[in-house]
Amino acid sequence: MPSERVTLQELVENGHLDTVPDDYLVSEQDRVKFEDYSCDARELPVIDMVGVEGERRDLVVQQIRSVCEEWGFFQVKNHGVSLPLMKRMQQEIREFFDLPYEEKNKIRARFDGHVLPDEGYSDRFGLKEGSANWSDRLRLYTLPASSRRYELWPKHSPSFRETLEEYCEEQDKLMSRISELISEGLGLETSYLNDYFAGKYQQQLQVNYYPPCPQPDVTMGLRKHSDNNLLTLILQDSTPGLQVKKDGQWITVKPMEDWFVVNVGDQIEILSNGRYTSAEHRAFVSSKPRMSIATFSMPSNETVVGPILELLGTEEQPKYRAISFSEFKDSFYYTGWATAPTGKGHLKHLLISQD
Ligand SMILES: O=C(O)CCC(=O)C(=O)O
Ligand SMILES: [Fe+2]
């Protein structure tokens, strides 16, 4: 039974995997070319948020607009989240993954044979049988506070709950500041996106743990995809792994200890009627373990999202059909994620024919 299988980290640490099993293999064309991954001729743009509430605002709004149009991915520095908090969060989460399997298993998400688990500690998360990622995960709903299932939060450290709560609040503040800049970049009122999702919003934390891999060139930590939500903030550890697709080329995002990677999700692509793009990205693995902490902001499940009418004017037609977030997630997991020929296959279902 899949639910009784131990996680990947457990298999690796107990020396049960000298080679990569078949269902973790990716096709030849989707493999990482290790000979060229480190020579990034192009680097992911960095947005410096210093002075953004003052004299640098117009410049930053302009920069955000162009990176959201051209990349859908960028890094932020001087973002207001304290480095000690980021480090504490990484340290305490890492301690969770270092616990004995029996301890972690207490909050294990169970696969019920049909629906893949959405919360807790798991492997093969969100994927169909026969198609696995070289990673384990911890996923928790964090905002609104009423959505928290504290019984699934790790209890290995007395301070962990407080650290995670503080981290989530800080992530939320940063998301909200970035949403203001995105709104302005689209020519909308500063508070447009924040008002649009007031009371119709949720936040989820996802920790990706990539165990050391015996054959990193034949598998993938996380197969190519775009994120299905509004915005994602990623905190990487010091081991490289994250890659973004730009003009058909995979670009490795250099880990920086006090920066966040910001990722435009599919919901922003839909809201902006395709002006802003959600970028395909993936994570490769190596002989070293790696951990990334992603925070997702997303609409509440019943919220219907479609192109913002104010943006369309009289000439432009909506390119995407409006759809509730829960329906969108269903199509993401069952038609797109990790199985479609392109990492953005799930968005194609929403495209309205323009002829
Ligand atoms: O591990 C990473 O850096 C990427 C994580 C990611 O893309 C995701 O969690 O959706
Ligand atoms: Fe992602």
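Here are some notes on the predicted model, point by point.

1. Ground rules. Residues are counted from 1 along each chain as its sequence is written, while chains are lettered from A and ligands numbered from 1 in the order in which they are written. Since this is a predicted model, local features need pLDDT of at least 70 and side-chain atom pairs count only at pLDDT 80 or more, whereas totals for chains, interfaces and linings use all residues.

2. Confidence. The average pLDDT (the predictor's confidence in each residue, from 0 to 100) is 90 for the chain, and 89% of the residues score at least 70. ipTM comes out at 0.99 and pTM at 0.94.

3. The ligand shell. Around ligand 1 you'll find Gln-206, Asn-208, Leu-222, Asp-227, Ile-234, Gln-236, Gly-241, Leu-242, His-281, Ala-283, Ser-292 and Ala-294; a residue gets in if its C-beta atom, placed from the backbone, lies within 6 Å of the molecule. By class, that makes five nonpolar, six polar and one charged residues. (Nonpolar means Ala, Val, Leu, Ile, Met, Phe, Trp, Tyr, Cys and Pro; charged means Asp, Glu, Lys and Arg; the others, Gly among them, are polar.) At least two shell residues come from each of β5 (201-210), β7 (231-236), β11 (281-283) and β12 (290-299). Strands here are DSSP runs of E, at least two residues, and helices are runs of H or I, at least four, numbered from the N terminus.

4. The annotated span. UniProt, in an unreviewed entry, lists residues 201-299 as "domain: Fe2OG dioxygenase". Its positions are in the numbering used here, the feature names are shortened, and annotations may be inferred rather than shown by experiment. In the model, the end C-alpha atoms of residues 201-299 are 4 Å apart, and the span is 47% strand and 6% helix.

5. Strand β4. Eight of the eight residues of β4 (residues 136-143) are buried, so the strand is largely enclosed by the rest of the structure. Buried means 20 or more other C-beta atoms within 10 Å of a residue's own, exposed means 12 or fewer, and partly exposed is in between, with C-beta atoms placed from the backbone. β4 pairs antiparallel with β3 (residues 120-123) over four bridges, and Ser-122 has Arg-137 as its bridge partner in β4. β4 also pairs antiparallel with β5, over seven bridges, with Leu-143 opposite Gln-203. Pairing requires at least two DSSP bridges between the strands.

6. From β4 to α5. The Leu-143 to Pro-144 peptide bond is cis, with omega near -5°, and Pro-144 sits in the loop between β4 and α5. Ser-147 is in the β4-α5 loop too, and is partly exposed, with 14 other C-beta atoms within 10 Å. Its C-alpha is 8.3 Å from that of Gln-202, 55 residues away along the chain.

7. Most residues other than glycine have a negative phi, and most peptide bonds are trans. Asn-78 has a positive phi near 50°; this residue is in the loop between β2 (73-77) and α3 (83-97), and counts as exposed with 12 C-beta neighbours inside 10 Å. Asn-273 has a positive phi near 55°, lies between α7 (266-271) and β11, and counts as partly exposed with 19 such neighbours.
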